[in-house]
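Here are my notes on this model, as promised. Have it open beside you while you go through the points.

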Amino acid sequence: MEKINLFFWSFCFLQWFAGAYDPLDPNGNITVKWDFFDIRDEDGYVVTVTLYNNQLYRHIESPGWALGWTWPSEDEIILHMSGAEATKQGDCKRFKSDPLPHSCERSPVIVDLVPGVPYNLQTANCCKGGVISSLTQDPSKAISSFQMAVQSSVNFTATSGTFGSPSNFSIGVPGYTCSNNMALVEPTKFSTGNSQRIQQALMTWQVVCSFSQFRESNAPSCCVSLSSFYSDAIVNCPRCSCRCPHTGLAGNCYIDDEPDNKLQTPNGEGDGKVAVKCSEHMCPIQVHWHVKVNYKDYWRVKVTITNLNFFKNYSDWNLVLEHPNLQNITQIFSFSYQPLIVYPGTNDTGLFWGMPFYNTMLLEHGESGNVQTEMILHKDSRDFTFEGGWAFPRRVLFNGHECVMPSPETYPSLPKAAAATATASAAAVVPVASSIAHFLITVLLFL
């Protein structure tokens, strides 16, 4: 238990030390831009607000983003909006206009509209329920926008920079923090339709938000188990990977044969609490890596993702795997795949996700609560081996969250006879090489 606790706190410390920096996606962030298209002297402005997801594999899933900020004074109000809405109208009794302003809140929170709203309420790249894809999975859906008209007492024609800009931004997604103040950046350029004409905003403000798993939660949310054809042992997720069972921190856990009425909630969507299958690791997601077959020039791996959460479905899920042989993937079944090449010359990390209309939704725990794939990889004679746990992944991330790996000394090991044969074969290479070298030196001496 002490070793497990030490591992867990070491994990937390490393996440804290790393902050928002991610070596698999060093430039990843969510950028929020305010593009001004109409500025009225001492009256206000019309602005298009856009969220750009610049992260390779992290996406924003349901219930989606909720963009919030604080106005510099009470003089700023939102007159009307399209493509999104404020969650509260606030106190607008000082206004006599009809209709009343959309929001008079000093610190408004804006949410995306759901798909299918009337056309007159829409704008470009809106109305997806706040869901934003990762940059790799679908770049066309890695953006979300809305437009609003703001009444402001700031005379923008007489000022410059970000005078009068809002502050204290947040996107309402756990784990993300945003820069305190907006920055004035180069105006956004864009084209309309099929025209070759390039237009640009009158002015652009920008704020950047970054993700840290440690800020999101003080405990992991997934774990990894391992097995192989050459060993009868199945290495389960480490005990207490996410929480410890039979403790107050375990939250709500259930066994598979619990009465159905215990697992039902009034709205059928869960109560927001942890409701996972009772296990030694207490993780809502388990990723299993199985070394399935060994061919002459290839080897085959099966990966299974199991949802152990009784109330939560994962839409547009993704999985990041790091293994040195991923550069030699020959075929993959049932999953979409794209290599994540962050550093030139290194191709050991890949992003996997579901195929449209087939398995993009990982359903809640039950008979259908899993997705799986098999991949065939070509052997690289320079480094391929089944010894020392080489056949197992180095890192695993589900939906951008680092999964807890078993301790290396517990990995499935080769049978003793096979290990001895492999060692003897490797050792035999040395005398042969020495004999060849000795022969060549002898020939050269007599030339």
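1. Start with D25, which is buried (under 20% relative accessible area with a 1.4 Å probe, protein chains only; exposed is over 50%, partly exposed in between) and yet has no salt bridge. A salt bridge here is a side-chain nitrogen of Lys or Arg within 4 Å of a carboxyl oxygen of Asp or Glu. The nearest side chain of opposite charge is R58, 5.4 Å away; for charge, Lys and Arg count as positive, Asp and Glu as negative, and His and the chain ends are not counted.

2. What does the side chain of D25 reach at 2.8 Å? It is the backbone nitrogen of L56. D25 also touches N54, Q55, L56 and Y57, leaving aside residues up to four places away in sequence; a contact means heavy atoms within 4.5 Å. D25 itself is in the loop between α1 (2–18) and β1 (30–40). Helices (H or I, at least four residues) and strands (E, at least two) are DSSP runs, numbered from the N terminus.

3. A word on ground rules: this is a predicted model, where local features need pLDDT of at least 70 and side-chain atom pairs count only at pLDDT 80 or more, while totals for chains, interfaces and linings use all residues. Residues are numbered from 1 along each chain as its sequence is written, and side-chain values use heavy atoms, with hydrogens and water left out.

4. Have a look at the open four-stranded sheet, ordered β5-β6-β3-β8 with antiparallel pairing; two strands pair if DSSP finds at least two bridges between them. β5 (84–86) and β8 (167–170) are the edge strands, each pairing on one side only. Between β5 and β6 (residues 109–112) there are three bridges, and E85 has V111 in β6 as its bridge partner.

5. Two cis peptide bonds deserve a check. One joins S62 and P63, with omega about 15°, and P63 lies in the loop between β2 (44–53) and β3 (66–70). The other runs from D98 to P99, with omega near 10°; P99 is in the loop between β5 and β6.

6. Now for positive phi outside glycine. F357 has phi near 65° and lies in the loop between β24 (349–354) and β25 (361–362). Is F357 buried or exposed? F357 is exposed, at 88% relative accessible area.

7. N399 is not a glycine either, but has a positive phi of about 50°. N399 is in the loop between β27 (395–398) and β28 (401–402), and counts as buried at 7% relative accessibility.

Notes:
A polar contact is a pair of N or O atoms within 3.5 Å; within protein, one must be able to donate a hydrogen and the other to accept it, and residues adjacent in sequence count only if both atoms are side-chain atoms.
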